[in-house]
Amino acid sequence: MTRRSFLFVLGSSRPDGNTELLARAAAEQLPSDVEQTWISLARHPLPDFEDLRHDSDHVRPTEGSAALLLDATLAATDLVIASPLYWYSVSAQTKRYLDHWSGWLRIPGLDFKATLAGRTLWGVTALADDQPVVADPLIGTLNNSAAYMGMSFGGVLLGNGSKPGDVLGDTEALTRAKTFFAGETPTARFLYETRCESR
């Protein structure tokens with residue numbers, strides 16, 4: 001793929017939350033010829049994931065939210081996980097979406113992992129804490145997911161906000177949003193790999 005196509009997966013339980021507002025501020029900076037698809041996991045809920053790894057292969061979904069999200073994920077060159085920080089990690093809706101990746105990896109002939117390899121995973125989150133370090137578990141989840149899939153990782157755009165619209169007052173986050181998607185996207189590596197190299 002040469003033409004970029006962004007999929008924004010919104011993991012908040014409410015519309016127009018701080019995380020979505022921050023993601024849209026970053027998306028406004030993308031060139032007009034870059035395709036954008038926005039899917040809310042609250043409006044398109046996935047069923048609970050059933051692990052069939054040791055029983056049988058998964059069947060490719062052909063309808064409903066699972067088919068919509070699978071097709072959109074495969075079509076994107078850039079995948080943006082926009083999840084608020086819930087209990088120091090991604091939201092339940094976002095975690096369920098990532099759990100479904102495990103099933104999509106098992107669909108015969110789909111080559112889900114090979115298709116996503118080389119593409120870029122990004123993150124956007126709003127947190128109600130003045131210490132960004134509390135978002136490390138969320139960042140680790142996304143980084144390690146990208147590493148396992150052989151994807152590049154563009155990092156996570158952090159903003160501060162609790163009440164609706166709070167993030168619009170975070171001028172530093174809005175400034176970072178202007179250039180976030182223009183940043184470098186190195187191939188993701190597991191955190192333990194980078195720690196071993198630093199010793």
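1. Axes here are lines fitted to C-alpha atoms, for helices over the stretch in contact, and the angles between N-to-C directions run from 0 to 180 degrees. The structure under discussion is a predicted model, and the points below should be read with that in mind.

2. On that basis, helix α1, which spans residues 18-27, packs with helix α6, residues 171-179, at an angle of about 40°, and the two axes lie 7 Å apart. Angles under 35 degrees would count as roughly parallel and those from 65 to 115 as roughly perpendicular, and α1 and α6 are therefore oblique to each other. The crossing in which α1 passes α6 is right-handed.

3. As to the residues involved, α1 contributes L22, A25 and A26 to this contact, while α6 contributes A173, L174 and A177. Sorted by class, the contact of α1 with α6 holds six nonpolar residues, with no polar and no charged ones.

4. The buried residues are N18, T19, E20, L22, A23, A25, A26 and A27. The elements covering these buried residues of α1 include the strands β1 (5-10), β2 (35-40), β3 (78-82), β4 (120-127) and β5 (152-160), together with helix α6.

5. One of those covering strands, β4, has eight of its eight residues buried, so β4 too is largely enclosed by the rest of the structure. From β4, the residues T120, W122, V124 and A126 point one way, whereas L121, G123, T125 and L127 point the other way, and all of them are buried.

6. The pairing of β4 can be followed towards β3 and towards β5. With β3 it runs parallel, and five bridges join the two strands; within this pairing, A82 has V124 of β4 as its bridge partner. Strands β4 and β5 also run parallel, joined by seven bridges, and here L127 stands opposite N160 in β5.

7. D16, placed in the loop between β1 and α1, has a phi near 55°, which is a positive value in a residue other than glycine. Y88, found in the loop between β3 and α3 (92-104), has a phi near 70°, again a positive value in a residue other than glycine. The relative accessibility of Y88 is 45%, so this residue counts as partly exposed, given that exposed means over 50% and buried under 20%.

How values were computed. Residues are numbered from 1 along each chain as its sequence is written. This is a predicted model: local features need pLDDT of at least 70, side-chain atom pairs count only at pLDDT 80 or more; totals for chains, interfaces and linings use all residues. Side-chain values use heavy atoms; hydrogens and water are left out. Helices (H or I, at least four residues) and strands (E, at least two) are DSSP runs, numbered from the N terminus. Angles under 35 degrees count as roughly parallel, over 145 as roughly antiparallel, 65 to 115 as roughly perpendicular and the rest as oblique. A crossing is left-handed if the near helix is turned anticlockwise from the far one by less than a right angle, and right-handed if clockwise. Contact means heavy atoms within 4.5 Å. Ala, Val, Leu, Ile, Met, Phe, Trp, Tyr, Cys and Pro count as nonpolar, Asp, Glu, Lys and Arg as charged, and the others, Gly among them, as polar. Buried means under 20% relative accessible area, exposed over 50%, partly exposed in between (1.4 Å probe, protein chains only). Two strands pair if DSSP finds at least two bridges between them.
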